[in-house]
Amino acid sequence: MPQEHRQILKYVDQPGYTPDIECYLRHSGYEALKKAITLPPKTQADGKTTTGPEQIRQEVMISGLRGRGGAGFPCGLKWSFVDRKSGKPIHLICNADESEPGTFKDKQIIYKDPHQMLEGMIIACYANDAHLAYIYIRGEFVEGAKILARALREARAKNFLGRNILGSGYDLEIHIHRGAGAYICGEETGLIESLEGRRAYPRIKPPYFPAVLGLYLCPTIVNNVETLCAVKHITAMGGAEYAKLGTPNNTGTRIVSISGHVKRPGYYEIEVGKVTIGELIHDPCFGGGLRDGRKLKAIIPGGSSAKIFKAGEKFKLKGNSLLGREAEKEVELLDLPYDFDSIIEAGSMSGSGALIVMDDSTDMVEALSNIAEFYAHESCGQCTPCREGSLWMAKALHRLTHGGGRSTDADYLLRIADNIPGGRTICAFGEACAWPVQSFVGKFKDEFIAKGAADEERRMKPAASPQC
Amino acid sequence: MLTETMSTAATIETKPQPPPAEKIKVKVDGKEVAVPKTTPDPVTGKPLPTSMIQACAAANVIVPHYCYHPKLPVAGSCRMCLVEFGTPAIGPDRKPIVNPDGTTKISRALRPVIACATPVSPGMEIYTNTPAVRLMREGVLEFLLINHPLDCPICDQAGECKLQEYSVDYGNSESRFVEAKVHKPKRVELGPRIVLDDERCILCSRCIRFTRDVAGDDALGFVNRGSHSTLTAYPGRAFDNNYTLNTVDICPVGALTSKDFRFRMRVWFLKETRSLCTSCATGCNIVIGSREDAIYRYEPRENDAVNSCWMCDHGRLNYKWIGREDRLVEVRKREAEGRGQASGSRSAAPTWSAVLGEISQKLKAAEPGSIAIVASARQTNEELHLLAKLAKRLGALTDSVPRIAAGDKLLLNADRNPNSTGARLTGIAADPMGSNLPAIAGGIRSGRIKTLIVFGEDATKCGIDADLLDKLELLIASDILPNATTRRAHYLLPGCAHAEKRGTFTNTKGRVQKFLKAVEPRGDARPEWEYLHELLVNVTSRDGIASIEGVFNEMAKEVPAFSGLTWATLGDTGISAKI
Ligand SMILES: Cc1cc2nc3c(=O)[nH]c(=O)nc-3n(C[C@H](O)[C@H](O)[C@H](O)COP(=O)(O)O)c2cc1C
Ligand code: SF4
Ligand code: SF4
Ligand code: SF4
Ligand code: FES
């Protein structure tokens, strides 16, 4: 039986659980921080001693934790890239900009258990010797920003934050910065620009890798809200123990936001890879199935920028090659484990963990038009292919959904989309706006052609002209 | 033939050279080049890793680009410069893998990169012309064109537009864009000298970066998002610093236009002449755009020892006087009242040769110490040198006129004479410049000085008042425009603007730079060096070479600071003299 495995959301939504610090402390809050900050130096087998912060970094590396913000990049590895020799201060930023359509997981943490996020963040800062950190929160989370501000005050009052935290000699200050409603502020280098007070134009990499030249050109770590919460649990339980959750290389738990045509849309925390897409849609403890009388048409597995899967699609996955041989097995969409690697192998991504379910009532052209409009509106406009391509596709789709279609529009759209991704743009928004078009049109091409052809036919028919 | 050896007195940039930079070998389209590991940042001078586009340039391969500009910080946003590349494949032993034929195995990168921002690494191979690269360029170009108004027929940039240029190389003859174009503000007055057409803007941010990082005025920026992004000046502020017109030069399209030049001339009709700005001692290198002896614009010309790629608005727009209606265009002679035969009358149409002959006679006859010369630091080295020689011969008291106004940190010098250094080096100017002027005025007042020669200045504006001029027995003036001195001159010699002749100036740092002739002089006007040379030959009864090259080369032998220079070796960007 598939089940939720609530670790981050353990107390969230429990009756009587409130976002204040007293409640958090009653639920063994800040114990992981106390553990982290008092870790004594340890002598390794090779005779070298590792400091407490180094040990935490090691645990995170061992845990196999992968970023929950979108790219699924191993967190321990990201931290290992930080330039610790530059002599410049190291900054940490919590990415609370949660903007990918379909995603509403960070919001649960921020609104309902803010101290868990703070605790994870403080540990991460301690582990990385950061003394200044920021929470970049999306502008629309007005209440969330207030809740976090209160949580910061409470944590400071209890000396979990500020000078000489818990008598350890470690100082840390955290500031909240509210965005102003731009999706691109979630992209880490756009976020950094925005934090510095400029337009959120993502930076070119090289040279501006955040781990080397980040905020104020200092080494900087950007982590998602959920990733930082996981750091707390890794510290509490140990990296090896955490790695037992989930599946190899896809460890731990993650929160899946399920939306669309299911009976029970909502957020569900699962062990990564232990639940299939089919279970997430149909199981009573997850999506609870489609609306009555409806059939599955498609799903988007990782937020609206992920490539769409068509119901019934089959994928060839390389089995885990423990035998040294690559065993291929064919997997149907519904049997695809919800993890990082399988979904990538199937040609899409689990992105921000947002599963969007579409039943047979969905008009794919309309759906794509909606998505394309979002991306055209959110492109920062800095680089040519994304700036021009995103609006071009949106305009074409608007035409196609408003009676001006052509049967050639499917190919027209593909040719625009093909010129955007694959390293042609500064940031991954290029992919984010092109992938939906490439995959929707690629997999539902007949619908796009039919819609255009119908419009053409209508236009061909001589309108009942008054002269005749 | 003149054979001259370069002496150490004047050599190209004798700054202490940094230790030879470490070189990296890379291949560009199969051709190997060695490039320095780092290249100085164009604005801060700090070493930055050498980029692919710089390595390509070293291999004489131009990678198409819009946002990249060698003198600006990199933006990396237009994506026109995408290239493919490979790096040496590394084996399990962490050593490069060698192919059976002995060459290094190259592993090709899966994704393209922008050449303008990607550093080179040893053994890297850059491919700028693969089918994939060409397709990417076509893609970018198509994206840039879909919302472009394509109003080339009325666009000032037409003919020197990068969008037109690359369209020829990578554009399709037919557009497949069937949607409505984005509309944006047109004819936006960004500042007193700049008009912006936002629809033509390709959002390359060159103008923003120049204005912020070079001119130090964070005045421009983009507003709105995506394809609706719009260039604008800071709200409520005019785009108005002394360097705004440089943005028109670097704008790769016709978005930024100069109010002065807008709609005045098609650029392909313009003749381009290498010249210098004369509005201050910096001596910015320029190109004069002219057609049928009328000047339409000045544009900066690259010279890293002087002005990089820039010039100031003040200097750029200071050319209209050349075409003024009241230019002095005829040789004039006025007999001093009571002293001549035909008092107050003007003899009919005096000729150059007659006038120069008369002047020579009078100068030869003048008693030593009775002559003074007021020269101009706007004159060329050659002219000043000839004047200095004349002065020496005549035992004349000389000086030139300082011209000081506010300077700035970038280019504009407080010394608004283009050739104060030349005036000093040739010995015509007193030290400090202008300190002899009171002595000249005093000499006239006391009657000791009876003859005054004034070149390109109004003596009444530098302490030699009109009543003093009226006391003179002989006043010879050479100038371009009329003033109180020229009106009183017994002999008036019409001279040339720099655009009408050739010559050299020495800038404030001692760089000797030449300028060429863009337009024909008006009427009887002749280059000053020509008639000075003639005068000197008459006075000294000595022959000389009547060519600018000859005059220059002779000067180089006679003026220590110029020793070793020749007209030919000055090249297009001049040579720094030891001053
Ligand atoms: C266009 C775009 C939007 C993004 N938006 C978000 C976001 O809203 N929240 C987030 O955590 N990460 C977002 N990311 C991913 C971040 O760039 C970054 O990878 C992430 O915050 C790193 O955190 P993690 O390693 O903990 O996942 C976005 C990326 C792109 C390209
Ligand atoms: S890809 Fe799009 S969002 Fe990213 S920098 Fe370029 S224009 Fe901006
Ligand atoms: S106005 Fe010209 S220079 Fe400025 S951003 Fe637009 S295209 Fe580039
Ligand atoms: S800085 Fe001086 S030389 Fe340069 S353009 Fe301005 S006035 Fe002319
Ligand atoms: S020239 Fe390299 S991105 Fe514009």
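Colleague: Hi! Which residues come nearest to ligand 1?

Modeller: Hi! Keep in mind that this is a predicted model. In it, A:Gly67, A:Gly69, A:Gly186, A:Asn224 and A:Thr227 come nearest, out of 25 residues around ligand 1.

Colleague: And which helices and strands supply at least two residues of that shell around ligand 1?

Modeller: In chain A, those are helix H4 (75-80), strand S6 (220-224) and helix H17. Strand S6(A) gives the most to the shell, with 3 residues.

Colleague: How do the residues of the shell around ligand 1 divide into nonpolar, polar and charged?

Modeller: There are 9 nonpolar and 9 polar residues, plus 7 charged ones.

Colleague: Let's switch to ligand 3. What surrounds it?

Modeller: Ligand 3 is surrounded by 14 residues, and the closest are B:Cys201, B:Cys204, B:Cys207, B:Cys251 and B:Ala255. By class, this shell has 12 nonpolar residues, 1 polar and 1 charged.

Colleague: Thanks. Now H16 in chain A: which of its residues are buried?

Modeller: Helix H16 of chain A covers residues 409-417, and its buried residues are A:Asp409, A:Ala410, A:Tyr412, A:Leu413, A:Ile416 and A:Ala417. They line one face of the helix, because they fall within an arc of 165° when you look down the axis of H16(A).

Colleague: Why would residues three or four places apart point the same way?

Modeller: That comes from the α-helix itself: with 3.6 residues a turn, positions three or four apart end up pointing the same way.

Colleague: What do the buried residues of H16(A) pack against?

Modeller: Their partners are three helices of chain A: H15 (384-400), H17 (429-443) and H18 (445-460).

Colleague: OK, on to the two chains. How many residues does each give to the contact?

Modeller: Chain A puts in 28 residues and chain B puts in 26. On the side of chain A that touches chain B, helix H14 (364-378) and helix H15 are the elements giving two or more residues. H15(A) gives the most there, with 11 residues.

Colleague: What about that side of chain A by class?

Modeller: It has 11 nonpolar, 11 polar and 6 charged residues.

Colleague: Last topic: what domains does the assignment give for chain B?

Modeller: The domain assignment gives domain 1 (23-90 + 99-141), domain 2 (147-323) and domain 3 (332-498 + 525-545).

Colleague: How many residues are in contact between domain 1 and domain 2 of chain B?

Modeller: In chain B, 15 residues of domain 1 are in contact with 17 residues of domain 2. The domain 1 side of that contact divides into 9 nonpolar, 2 polar and 4 charged residues. The C-alpha centres of these two domains lie 28 Å apart.

Note on methods:
Residues numbered from 1 in each chain as written. Chains lettered and ligands numbered in written order. Predicted model: local features only at pLDDT ≥ 70, side-chain atom pairs only at ≥ 80, totals over all residues. Buried ≥ 20, exposed ≤ 12 C-beta atoms within 10 Å, placed from the backbone. Helix = DSSP H or I, 4+ residues; strand = E, 2+ residues; numbered from the N terminus. Arc of directions from axis to C-beta. Contact = placed C-beta atoms within 7 Å. Nonpolar A, V, L, I, M, F, W, Y, C, P; charged D, E, K, R; others polar. Near = placed C-beta within 6 Å. Domains from an automatic or database assignment.
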